[in-house]
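Here is my note on the model you sent. Please read it with the structure open.

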Amino acid sequence: MEYKSEGICRFCLKTFAGSAMTRHLNTCKVKKKKDEQEAAKAKQKYPIYHIRISAGKYYWLHIEMKATSKLSTLDNFFRDIWLECCGHLSGFTINGVEYQDDFEQNDMNMFFGEQESKAMSTKLSQALSVGGKFNYEYDFGSTTHLEGKVLGLREGILKEPVKILVRNNPYVIKCEECGKNATDFCCECEISFCEECLSEHECGEDMALPIVNSPRMGVCGYCGESDSDNFYEEYNKNQ
Ligand SMILES: [Zn+2]
Ligand SMILES: [Zn+2]
Ligand SMILES: [Zn+2]
């Protein structure tokens, strides 16, 4: 099934196709004005990256982050909004360099040959410049792959560690039995069900996971976005 991939700009509240979003954000007058107002009040401005992240063609995000933020902040953000099921390992690959935590350096070298590996405490600006791309993996068993690119840089301030500019709208997925809106996904059969049809499905409800707006829907035990308070708590601890 083909789904229309769209999102709502959080500044002007207009809807755009995913493919038109980069251009829109670069020219959105409401965003520009707000950025300028905030920057004018700021004592100290700093470089901010505009980053696009995608998982396949349906799931994508545009965010802004301080260029000096750590990769681990981005990792925590991905876990929070899209990925976290049971605390799996994760890692970035940027220009052939692996950035991971929780791995012994020696194991890493065995695992990845002689490839260089670094810690996630590395700053974004040390690993990526404008135009730079990265790959990210969550869970090295049932892996969810993300791709990202730094689209631009501006001087200003941010009130939050990761500012979401826009994300893809949730998709309305239909029950494959009756055509009503689906609520669950059977991981065994990889079929979507509404509540009613799921109760009659032979795999039972134990194999079902909720329909969520995430590339990790239906994988491992993923049940949807976590409470973002956790993210900010972790972030404040690590500053
Ligand atoms: Zn806009
Ligand atoms: Zn899991
Ligand atoms: Zn149904």
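1. Leu13 is exposed, because 8 other C-beta atoms lie within 10 Å and the cut-off for exposed is 12 or fewer. Leu13 sits in the loop between β1 (6-8) and β2 (15-17). Its phi is positive, about 65°, although Leu13 is not a glycine. Bear in mind that this is a predicted model.

2. Glu190 has a positive phi too, near 55°, and is a residue other than glycine. Look for Glu190 in the loop between β11 (184-186) and β12 (191-193). Is Glu190 buried or exposed? Glu190 is exposed, because it has 9 other C-beta atoms within 10 Å.

3. Now the chain as a whole. The protein chain holds seven helices and 13 strands. It has 239 residues, and buried residues make up 31% of them. Take the contacts between residues at least 6 apart in sequence: 55% of these join residues at least 24 apart.

4. Next, the sheet. Eight strands form an open sheet with mixed pairing. The order is β7-β6-β5-β8-β9-β3-β4-β10. Strands β7 (117-118) and β10 (163-167) are the edges, and each pairs on one side only. Helix α3 (residues 71-83) packs on this sheet. It touches β4 (59-66), β5, β6 (97-100), β8 and β9 (144-156). The directions of α3 and β8 make an angle of about 55°.

5. β8 deserves a careful look. Strand β8 (residues 133-138) pairs with β5 (residues 90-94) in the antiparallel sense, over four bridges. Within that pairing, Gly91 is opposite Glu137, and Thr93 has Asn135 as its bridge partner. β8 also pairs with β9, again in the antiparallel sense, over six bridges. There Phe134 stands opposite Gly148.

6. Which residues of β8 are on its covered face, and which on its uncovered one? Phe134, Tyr136 and Tyr138 make up the covered face. Lys133, Asn135 and Glu137 make up the uncovered one. In a regular strand, side chains alternate between the two faces of the sheet.

7. β8 and β9 form a hairpin, with five residues between them. Asp139 lies in this turn and has a positive phi of about 75°. Asp139 counts as partly exposed because it has 19 C-beta neighbours inside 10 Å, and a buried residue needs 20 or more. Beyond its neighbours within four places in sequence, Asp139 is in contact with His88, Thr144 and Cys220. Glu84 is 55 residues from Asp139 in sequence, yet their C-alpha atoms are 9.3 Å apart.

8. Helix α3 is mostly covered: twelve of its 13 residues are buried. The buried set includes Asp75, Asn76, Arg79 and Asp80. It also includes Phe77, Phe78, Ile81 and Trp82. A straight helix of 13 residues would span 18 Å, whereas α3 spans only 16 Å between its end C-alpha atoms.

9. On to the packing. The largest nonpolar core has 34 residues. Those touching the most other members are Tyr49, Ile51, Ile63, Met65, Phe78, Phe92 and Leu124. At least two core residues come from each of α1 (21-27), β3 (46-55), β4, α3, β5, β8, β9 and β10. Which element supplies the largest share of this core? That element is α3, with seven residues.

10. Not counting residues up to four places away in sequence, Phe92 touches Leu71, Tyr99, Phe134 and Tyr136. Another core, of twelve residues, lies apart from the largest one. Among its members are Ala208, Ile211, Met217 and Tyr222.

11. Finally, His201. It is placed in the loop between α6 (195-200) and β13 (208-210). His201 is partly exposed, because 17 other C-beta atoms lie within 10 Å. Setting aside neighbours within four places in sequence, its contacts are Cys186 and Phe193. Glu177 is 24 residues from His201 along the chain, and their C-alpha atoms are separated by 9.7 Å.

Methods
Residues are numbered from 1 along each chain as its sequence is written. Chains are lettered from A and ligands numbered from 1 in the order in which they are written. This is a predicted model: local features need pLDDT of at least 70, side-chain atom pairs count only at pLDDT 80 or more; totals for chains, interfaces and linings use all residues. Two strands pair if DSSP finds at least two bridges between them. Two residues are in contact if their C-beta atoms, placed from the backbone, lie within 7 Å. Axes are lines fitted to C-alpha atoms, for helices over the stretch in contact, and angles run from 0 to 180 degrees between N-to-C directions. The expected span of a helix is 1.5 Å times one less than its number of residues. A nonpolar core is a set of buried Ala, Val, Leu, Ile, Met, Phe, Trp, Tyr and Cys residues joined through C-beta atoms within 7 Å.
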